[in-house]
2 protein chains.
Amino acid sequence: MATLKQVAAHAEVSVQTVSNALNAPHRLRADTLERVNRSIELLNYRPNRNARSLRTSAVELIGYCVPSWPNHTHLVMDQFLHALCAAAERTGRHILLFTAPGGVDGMPTYDDLHARRMVDGFVLSQTETHDPRHGWLKEQDIPFVSFGRVWKQTTQPGPWVDVDGAAGSAMAVRHLHESGRRRIAFLGWPKLSGLGEDRLGGWRDACKDLGLPTTGLTVRCREDSIEEGARATARMLDTGRTVDGIVALSDILALGALRELTRRGLTPGHDVGVTGFDDSPLAEVVSPGLTSLRQPMDQIAEELITILTGTVNGSPVERLLRPELVIRGSSAPG
Amino acid sequence: MATLKQVAAHAEVSVQTVSNALNAPHRLRADTLERVNRSIELLNYRPNRNARSLRTSAVELIGYCVPSWPNHTHLVMDQFLHALCAAAERTGRHILLFTAPGGVDGMPTYDDLHARRMVDGFVLSQTETHDPRHGWLKEQDIPFVSFGRVWKQTTQPGPWVDVDGAAGSAMAVRHLHESGRRRIAFLGWPKLSGLGEDRLGGWRDACKDLGLPTTGLTVRCREDSIEEGARATARMLDTGRTVDGIVALSDILALGALRELTRRGLTPGHDVGVTGFDDSPLAEVVSPGLTSLRQPMDQIAEELITILTGTVNGSPVERLLRPELVIRGSSAPG
DNA sequence: GCGGATGTTTTTAACGTTCAAAACGTCCGT
DNA sequence: ACGGACGTTTTGAACGTTAAAAACATCCGC
């Protein structure tokens with residue numbers, strides 16, 4: 001494997017000149033630059049990243065902790081990772097994966113990776129209510145950016161990018177309203193997660209804005225499963241109240257709703273409009289297709305990387321992005 | 001951030017002694033070792049990985065190319081990544097993610113990562129028929145290991161780990177047979193993918209072994225979607241032949257089968273036993289739960305890392321692992 | 001008390017790059 | 001012809017670690 005030294009010898013210049021040819025080509029005289037470049041090409045030279053990192057103390061790697069999977073099913077994680085990777089690469093960086101225990105127990109792992117100079121900073125996701133990581137990293141002066149706000153916290157401890165769940169629900173409500181739905185229910189989650197409340201709030205506000213009823217139209221599911229989504233839908237329908245639209249907190253719950261509706265002889269899309277959240281691969285693959293709120297992964301990733309690698313100015317950057325309503329058969333005009 | 005030099009000064013030994021305390025503690029006298037360790041602890045010293053890598057020319061990073069998602073939905077990718085990461089960490093290594101164009105166009109990316117010393121080697125997955133990557137990497141003498149065999153190739157160009165799809169199908173068939181099923185259909189894929197043929201073959205052989213019929217019991221779906229699974233199931237049932245068991249090539253197709261059966265007033269598990277493949281998060285979350293063949297991700301990851309990081313002896317290592325049948329309601333005894 | 005074996009520690013020299021400063025050339029105004 | 005300004009190239013040192021060899025210490029047998 002060729003080194004700067006060998007290229008320098010071949011091009012009959014000093015080592016530093018070759019380095020400059022790569023990092024500051026404007027400093028070289030045109031003919032020298034060309035000669036050096038020819039040698040670089042000829043010897044198939046590729047800079048050794050470790051040597052570079054040692055000297056500059058920047059590794060161009062970004063740490064990302066792979067969520068341990070049993071808690072929630074991350075149906076869109078692969079999309080996120082792909083987008084994140086691609087965004088990082090556009091700036092010459094890469095993603096380093098690692099695992100860590102949840103909560104504060106995981107902090108030594110983050111610290112270690114940073115202290116050993118294996119990463120420049122972190123992208124956090126799967127943010128939880130009162131997530132301790134953000135505050136801890138801030139305190140240690142370790143660069144990071146969060147995909148997702150830390151809920152139930154007055155001020156955010158660092159820069160973040162998030163998707164506006166409230167706006168998403170509102171979009172779903174307005175969409176259903178436009179296709180003639182007047183009694184739109186919300187299928188939510190058990191524990192009052194910040195994310196859940198955000199989306200719930202958007203539904204409530206949009207309904208009020210449009211003069212639609214909300215009382216008795218909220219159901220909470222015990223867990224994020226198709227079965228629970230179906231049961232909750234059944235409970236809702238069993239109250240005897242009319243429902244012609246359902247905004248579900250997740251695609252999985254929405255699938256449950258679709259199933260229960262079908263079971264009762266109702267046609268999703270025709271009799272009841274249903275929407276989900278996250279536009280997981282499932283939404284496209286079921287029939288009727290599930291209308292869902294797609295997170296703009298590419299933009300999210302781009303912002304995350306830009307913020308993390310950008311100049312660390314004083315005030316933390318905050319970006320709230322709008323999801324995109326992907327309309328499919330489950331919400332066809334009734 | 002403390003360096004070896006500072007620790008050495010603090011412990012009043014030479015730099016090399018501190019290095020030895022970490023890498024070859026047996027060389028130190030007990031009391032020296034303890035003194036050095038105290039200094040290390042006190043100064044919270046963490047070795048700089050870049051310096052180490054520069055000297056030893058081993059980065060302890062393994063490259064993994066994130067599949068671009070639109071081709072197939074990777075419902076178990078997060079499980080795989082988590083397992084791979086965990087296995088790598090058990091050997092002090094980490095996973096570096098990157099993106100690359102498919103096929104031979106991606107090779108420069110692999111080459112570059114290796115040439116710049118950003119990774120020691122690669123784990124390949126999403127192996128395709130006649131995948132060019134393996135042969136190319138072998139030719140360049142770049143270490144790699146493949147999750148998945150290269151199909152339609154007489155000899156494998158390198159070490160691999162794979163799950164025995166044929167054995168999996170056979171397990172499913174035997175399981176259905178044990179619960180009284182006698183006419184077991186196979187729901188397959190469109191294009192004759194190696195993986196598809198492998199699983200199909202296992203079904204056929206097992207049926208023959210058990211004296212079960214196979215003629216007219218194979219259906220091929222055009223794509224991997226719930227809708228197509230349902231349509232194919234409908235086609236199969238419409239032929240008039242009795243079917244009391246369905247072995248599907250994927251969970252998604254199996255879900256389609258479940259839906260079509262339900263639509264026709266048949267009870268999956270009771271009237272027809274259904275099994276899927278890969279035990280994706282969906283299998284657990286639908287109702288009835290879908291019996292599926294779980295890939296032993298932890299073991300797969302462990303083997304991949306062991307092979308990749310192990311001594312490169314002459315003959316390539318090959319490991320064919322058995323999937324595990326996870327039994328749920330969809331195949332309850334009829 | 002000496003040669004040798006063994007155990008422990010230090011010295012020297014890299015690994016491949018970039019930073020900072022110095023050196024060298026060339027051109028210009030005076 | 002001289003000093004300065006600028007553009008280009010080289011020199012020297014450093015980043016933090018480990019490999020290899022050298023140095024030093026200790027113990028043993030004779």
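A crossing of two helices is right-handed if the near helix is turned clockwise from the far one by less than a right angle. Keep that in mind for these exercises on a predicted model.

**Exercise 1.** Describe how helices α6 and α7 of chain A pack, and say which residues make the contact.

*Solution.* Start with the axes: α6(A), residues 107-115, and α7(A), residues 132-139, come within 11 Å and cross at roughly 35 degrees. Next, the handedness: this crossing is right-handed. Now look at the side chains in the viewer. From α6(A) come A:Met107, A:Tyr110 and A:Asp111, and from α7(A) come A:Arg133, A:Trp136 and A:Leu137. Finally, sort them by class: four are nonpolar, two are charged and none is polar.

**Exercise 2.** Work out how many residues chains A and B bring into contact, and what area is buried between them.

*Solution.* First, the residues: 50 of chain A are in contact with 50 of chain B. Then the area: about 4,800 Å² is buried, and carbon and sulfur atoms give 64% of this.

**Exercise 3.** Find the salt bridges and polar contacts between the two chains, then see what chain A supplies to its side.

*Solution.* Begin with charge: the count is four salt bridges. In one between A:Arg46 and B:Asp111, the closest N and O atoms are 2.9 Å apart; the cut-off is 4 Å, so the pair qualifies. Polar contacts come next, with 23 residue pairs across the interface. On the side of chain A, elements that each supply at least two residues include α4, β2 and α6. The largest share, eight residues, comes from α5(A). By class, this side has 27 nonpolar, twelve polar and eleven charged residues.

Methods
Residues numbered from 1 in each chain as written. Chains lettered and ligands numbered in written order. Predicted model: local features only at pLDDT ≥ 70, side-chain atom pairs only at ≥ 80, totals over all residues. Heavy atoms only, no water. Axes fitted to C-alpha atoms, helices over the stretch in contact; angles between N-to-C directions. Helix = DSSP H or I, 4+ residues; strand = E, 2+ residues; numbered from the N terminus. Contact = heavy atoms within 4.5 Å. Nonpolar A, V, L, I, M, F, W, Y, C, P; charged D, E, K, R; others polar. Buried area = accessible area lost by both parts, 1.4 Å probe. Salt bridge = Lys/Arg side-chain N within 4 Å of Asp/Glu carboxyl O. Polar contact = N/O pair within 3.5 Å; in protein donor to acceptor, adjacent residues only side chain to side chain.
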